[in-house]
Amino acid sequence: MVQQKIVMKVHLSSEKLRTKALKIAAVAKGMSKVSIDAEKEQLEVIGDGVDSMRLTMSLRKKLGHATKLSVEEVKGKTDDKKPTTYPITWTSSYIQYPQHPPHHHVVHDQYPQETNCSIM
């Protein structure tokens with residue numbers, strides 16, 4: 001799907017309302033970025049397949065007032081930057097680790113076996 005940018009006008013008079021609006025927008029399905037412009041009282045949501053109508057209804061239900069200003073497609077950045085590659089140089093040297101003597105583990109049986117087994 002194509003990413004879209006949804007701009008909504010929401011009444012954001014207090015910090016509590018801003019937090020509430022961010023929480024509502026953050027749980028929207030397909031959302032990837034949320035931002036608030038408190039001076040313009042606008043909420044901007046960018047995401048892939050975000051249902052703008054459902055988001056508007058959720059904001060209206062919790063905040064009392066929300067108006068959808070615009071819904072537009074987000075253009076992808078076309079930077080032709082290639083990832084930086086570093087040349088790998090191989091050398092013929094290698095690390096030789098010291099030889100350790102083999103480890104022997106001695107197991108002591110806590111319960112010695114009795115030869116007078118009544119079951120067998």
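**Notebook: charges, contacts and one backbone angle**

I began with Arg18, which comes out as partly exposed at a relative accessible area of 23%. For this term I keep to the cut-offs in which buried means under 20% relative accessible area, exposed means over 50%, and partly exposed lies in between, with a 1.4 Å probe and protein chains only. The model is predicted, so that local features need pLDDT of at least 70 and side-chain atom pairs count only at pLDDT 80 or more, while totals for chains, interfaces and linings use all residues. Residues are numbered from 1 along each chain as its sequence is written, and side-chain values use heavy atoms, with hydrogens and water left out.

**Entry on the salt bridges**

I next asked which residue the side chain of Arg18 meets in a salt bridge. The partner is Glu15, at 2.9 Å from N to O, where a salt bridge is a side-chain nitrogen of Lys or Arg within 4 Å of a carboxyl oxygen of Asp or Glu. Both residues lie in helix α1, 3 residues apart, or about one turn of the helix; helices (H or I, at least four residues) and strands (E, at least two) are DSSP runs numbered from the N terminus. Glu15 counts as exposed, because its relative accessibility is 53%.

I found 2 salt bridges in the structure, and the one between Lys5 and Glu44 has an N to O distance of 3.8 Å. This pair links distant parts of the chain, since Lys5 sits in strand β1 (residues 3-10) and Glu44 in strand β3, 39 residues apart. Lys5 is partly exposed with a relative accessible area of 24%, and Glu44 also counts as partly exposed, at 23% relative accessibility. I note as background that side chains of opposite charge can pair when their charged atoms come close.

**Entry on the chain as a whole**

I counted 2 helices and 4 strands in the protein chain, and read their order from the N terminus as β-α-β-β-α-β. Buried residues make up 18% of the 120 residues. The chain exposes about 10,900 Å², of which carbon and sulfur atoms supply 54%; accessible areas come from the Shrake-Rupley method with a 1.4 Å probe, and for residues only the protein chains shown count as cover. Among contacts (heavy atoms within 4.5 Å) between residues at least 6 apart in sequence, 65% join residues at least 24 apart.

Not counting residues up to four places away in sequence, Ile6 touches Leu43, Glu44, Val45, Val50, Ser52, Ser70 and Val71. Its C-alpha atom is 5.1 Å from that of Val45, although Ile6 and Val45 are 39 residues apart in sequence.

I then turned to Leu69 in strand β4 (residues 66-73), which is partly exposed with a relative accessible area of 44%. With residues up to four places away in sequence set aside, Leu69 touches Val7, Met8, Lys9 and Gln42. The C-alpha atoms of Leu69 and Glu44 are separated by 9.9 Å, at 25 residues along the chain.

**Entry on the positive patch**

Which residues form the positive surface patch? I list Lys16, Lys20, Lys61 and Lys62, and I see that α1 (15-26) and α2 (52-63) each supply at least two residues of the patch. Patches are made of residues with over 30% relative accessible area and no salt bridge, with like charges joined within 9 Å and nonpolar side chains (Val, Leu, Ile, Met, Phe, Trp, Tyr) within 5 Å. Lys and Arg count as positive and Asp and Glu as negative, while His and the chain ends are not counted; the place of a charge is taken as NZ of Lys, CZ of Arg, CG of Asp or CD of Glu.

Lys20, in helix α1, is partly exposed with a relative accessible area of 34%. Leaving aside neighbours within four places in sequence, I find Lys20 in contact with Lys62 and Leu63.

**Entry on Glu41**

Last, I checked Glu41, which has a positive phi of about 55° although it is not a glycine. Most residues other than glycine have a negative phi. Glu41 has its place in the loop between β2 (31-37) and β3 (42-48), and is partly exposed with a relative accessible area of 23%.
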